[in-house]
Amino acid sequence: MVRAADRAKRPGRTSVWLEGKAPRGGAARGGGQPSGLDRDRITEVTVRLLDAEGLAKFSMRRLAGELNVTAMSVYWYVDTKDDLLELALDAVFGELELPDPSSGEDWRDQLRALAAGYRALLVRHPWVSPLSGTFLNIGPHSMAFSLCVQQVVRNTGLPPHGQMGALSAVFQFVYGFGTIEGHFVQRCASAGMSQDEYFRQAMSAIGEQPEFGANFAGAAELMAARGGDTVEEMRERDFGFALEMLIAGIEAMVERG
């Protein structure tokens, strides 16, 4: 195992992917480890627990209980809780369907598909957004996504000095949109309400407060102009329009040369 003290001496090596360790699994050491347990299985159950209970409630003890093993058994396969969270983060990036940037398909369609997939990932796994800012995201699935995005942005025709700016504009927007959406969905579920029920209750409560009256009236006009009968429809219109503005901005910058 790599001790925390040893890792602290090497602050640059803060990723499980930089430790040079082969995945451990297979036969139990000295016959003391449970059969059928390996790093992939542990990572799979970690993802399931994070989805069901959230990042704050996750612990190695809770994971061991779900696997029906001791906590020390888990540490035979991963050195730290952070290593395990990083493995889980990369595993869910493997859910993304990546287009082939060399296929000749229009870059706009590929960018839309990547943005929609990333947004759905953040909503489906709300714990991904805080972990994405914690780790280096250099696992094989995360890197495949990153390299695909970079190639699609290259295909826009933007000059090299502008490509990272375009990538940031699109995917930082998606990150923020998907993070807020995921938290809202999670809050509605915790309240035992649908998104529409929660939204109506919140808007009604705000509208009843005189100090919010003027601001609320303006927001209500904007929402009415946007249209949409449900929260999900309104959100889809917002996301789609914002993404099209970003694509139009890339086109405009390409025209400028």
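Helix 9 (160-191) gives the most to the lining of the largest pocket, with 6 residues. This is a predicted model, where local features need pLDDT of at least 70, side-chain atom pairs count only at pLDDT 80 or more, and totals for chains, interfaces and linings use all residues. Residues are numbered from 1 along each chain as its sequence is written, and side-chain values use heavy atoms, with hydrogens and water left out.

**Largest pocket**
- The volume here is about 500 Å³.
- A pocket is an open set of points on a 1 Å grid over the protein atoms alone, where a 1.4 Å probe fits, with protein on both sides within 12 Å along at least five of seven lines; lining residues have an atom within 4 Å of a point.
- A volume is the space filled by probe spheres set on the points, which are joined across faces, edges and corners.

**Second largest pocket**
- This one has a volume of about 250 Å³.
- Its lining includes F177, F184, M223 and R226.
- Helix 9, helix 11 (213-226) and helix 12 (231-256) each supply at least two of the lining residues.

**Helix 8**
- S142, F145, C148, V149, V152 and V153 are buried in helix 8, with buried meaning under 20% relative accessible area (1.4 Å probe, protein chains only).
- Seen down the helix 8 axis, the buried residues fall within an arc of 135 degrees, so they line one face of the helix; the arc is that of the directions from the axis to the C-beta atoms.

Conventions:
Helix = DSSP H or I, 4+ residues; strand = E, 2+ residues; numbered from the N terminus. Buried < 20%, exposed > 50% of the residue type's maximum accessible area, 1.4 Å probe, protein only.
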